[in-house]
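Me: I have a structure on the screen and would like to learn how to read it. Please take me through it feature by feature.

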Amino acid sequence: MKTHVLLISAFAALAAAAEPEPNAVFGVLSDIHLVPADVRSVERFKRTLRYLDSRKVDGVVICGDLTQRGTIPALMGFGRVWRETFPGDRRSDGGHVERLFVYGDHETENMFCAVYTNDWTRRGCMEEMRSLDIYSNDRALQWKRAFGDDYRPIERRTVKGYDFVLAHIVMGDEPGLRWGEPLYIPGLEEFFATNAFDRTRPFFYVQHKIPRGTVGGDRVWGQDDGRTTKLLSKYPNAVAFCGHKHRSATEERLCWQGAFTAFMVPAHYAIATEEGHENGVSSGDRPSHSPQLQMPRIDTSDGSQGFVMSLYDDRIVIERREFAQGGEVAPPWTVPIPNDGSMSFASRASRAAVPQFAKGTAVTVREIRGADRSGRATDQLSVEFPPINGDKGRAYDYEVTAILRKAYVRRIVGTKRVFSPKCHLAPERDKGPVVCLFGKGELPSDHDTLEFEVRPANAFGAQGEPIRSEPRSFNPTPCATTLW
């Protein structure tokens, strides 16, 4: 028995030795939104930096929105937190860690004043506010004060033989453009025209906003004007990182591959969900919205995410990590070198598992007195079922359909899509139940019975087989049958 154990240990050691060490390792973050006066905000960021230190990263990429309100004191606080973990840009083992940061819109859109404009204008304090925000002051000087090196709108850094192009967002600096418009970064074409890149290995491009038509799909909010995508399409070895949209690392569409490869980096602060869902981010948050959503947003405040990127000769491995609670939220992405198109949406959709409910999974429906998203009390039907997050795959979301039955007629009277309440966390933390609320006022009252059908879907829209609730009547007074 002892010999058997020794043999197993020897084989394990050989297997570990066969796995090559990566050429370089990087932390990749976005949307820190640091508030130095908020202990929780600071501790979260420190915890993440300590973890990256334990991974002996060679650099840390941050795709903008370093601060929440874009104030000069907040930027100085960000610099202090960085230096506490990496004094002199050194890890705890003495190795160098490269700062690969760019400004985001919260630093350069005058966010501090924009959020409070009306209030502070009435109080006559706008000049005092402008004296505190980065936008109204010399952003290059503030960068130098916070980090000790010179600010360059576009710059090239090389770390362990890998090139990074850092392009700071520019808002309101181009004549004729309104504040808040999606802008192209001036000088980018000239920069690439005067810089050559090794075509045999990847190089990395970093900006805050989304290169148009790449990650997140064609309709995602927060895209630039498309010129960046056109420019990078000349470089199949380019790998772009962006942030801005705050999506979760569990989403498959955060990885895109076409003429080049792109990643949307998940938010370190305030995970957001895709719009169009009953319990997701939506313009339906407005009390005036009609029809009013029946559910609040799922609580994603416990999510704090990012990537750890390991570079090898033949591949890039992107770990999708949860830093606040630890662990990986989804399996890593492995991107072959060179770009072979295998990570495109279409290619991965063809390989993706279609989620299926276990045989016998039940859908229950309860009548409750609840409140819609605006807080108005209302009678609701709560449709409940367990999430799919086992070894055979995980559902991205669920389509819930209300079906009216009257005599021999079966008619769809409502369809909603919902997320599992902890869909943004690791599968073991997503226990459910999944809930979808229908207001009784949304459904016809003239029915014999209602049933609810639930279909799971993966991140590319492929749906599994449905499960259904037992048909039953939810009429206050059952309809009487008259015989003639």
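The turns below go from the whole chain to helices, strands and rings.

Me: What should I know about the model before I start?

Reply: This is a predicted model, in which local features need pLDDT of at least 70 and side-chain atom pairs count only at pLDDT 80 or more, while totals for chains, interfaces and linings use all residues. Residues are numbered from 1 along each chain as its sequence is written, and side-chain values use heavy atoms, with hydrogens and water left out.

Me: How many helices and strands are there in the protein?

Reply: Helices (H or I, at least four residues) and strands (E, at least two) are DSSP runs, numbered from the N terminus. The protein has 10 helices and 21 strands.

Me: What share of the residues is buried?

Reply: Buried means under 20% relative accessible area, exposed over 50%, and partly exposed in between (1.4 Å probe, protein chains only). Of the 484 residues in the protein, 54% are buried. Asp58, in the loop between α2 (39–54) and β2 (59–62), counts as buried at 9% relative accessibility.

Me: What does Asp58 touch?

Reply: A contact means heavy atoms within 4.5 Å. Leaving aside residues up to four places away in sequence, Asp58 touches several residues, including Arg91, His96, Glu98 and Lys160.

Me: Which residues of helix α7 are buried?

Reply: In α7 (residues 139–147) they are Arg139, Gln142, Trp143, Ala146 and Phe147. These residues cover an arc of only 105 degrees around the axis, which puts them on the same side of α7; the arc is that of the directions from the helix axis to the C-beta atoms. Their cover includes α3 (72–85), β3 (98–101) and α4 (105–108).

Me: What is found at the ends of α7?

Reply: At the N-terminal end, Asp138 caps α7, with a side-chain oxygen 3.0 Å from the backbone nitrogen of Ala140. After α7 comes Gly148, which has a positive phi near 85 degrees.

Me: In which sense do β13 and β14 pair, parallel or antiparallel?

Reply: Two strands pair if DSSP finds at least two bridges between them. Strand β13 (residues 364–371) and strand β14 (residues 377–385) pair in the antiparallel sense over 8 bridges. Ile368 stands opposite Gln380 in β14. The two strands form a hairpin with 5 residues between them, and Gly375 in the turn has a positive phi of about 95 degrees.

Me: How many aromatic pairs are there?

Reply: Rings of Phe, Tyr and Trp (its six-membered ring) pair if their centres lie within 6.5 Å; planes under 30 degrees apart count as stacked, over 60 as edge-to-face and the rest as tilted. A search of the whole structure finds 34 aromatic pairs. In one of them, the ring centres of Phe164 and Phe204 are 5.0 Å apart and the planes are at 25 degrees, so the pair is stacked. Phe164 lies in strand β5 (residues 162–167) and Phe204 in strand β6 (residues 203–206), so the pair ties together parts 40 residues apart in sequence. The rings of Phe203 and Tyr235 have centres 5.5 Å apart and planes at 90 degrees, so that pair is edge-to-face.

Me: Which charges lie over a ring face?

Reply: A charge sits over a ring if NZ of Lys or CZ of Arg is within 6 Å of the ring centre and within 35 degrees of the ring normal. Arg315 lies over the face of Tyr312, 3.9 Å from the ring centre. Lys416 lies over the face of Phe438, at 4.7 Å from the ring centre.

Methods
A polar contact is a pair of N or O atoms within 3.5 Å; within protein, one must be able to donate a hydrogen and the other to accept it, and residues adjacent in sequence count only if both atoms are side-chain atoms.
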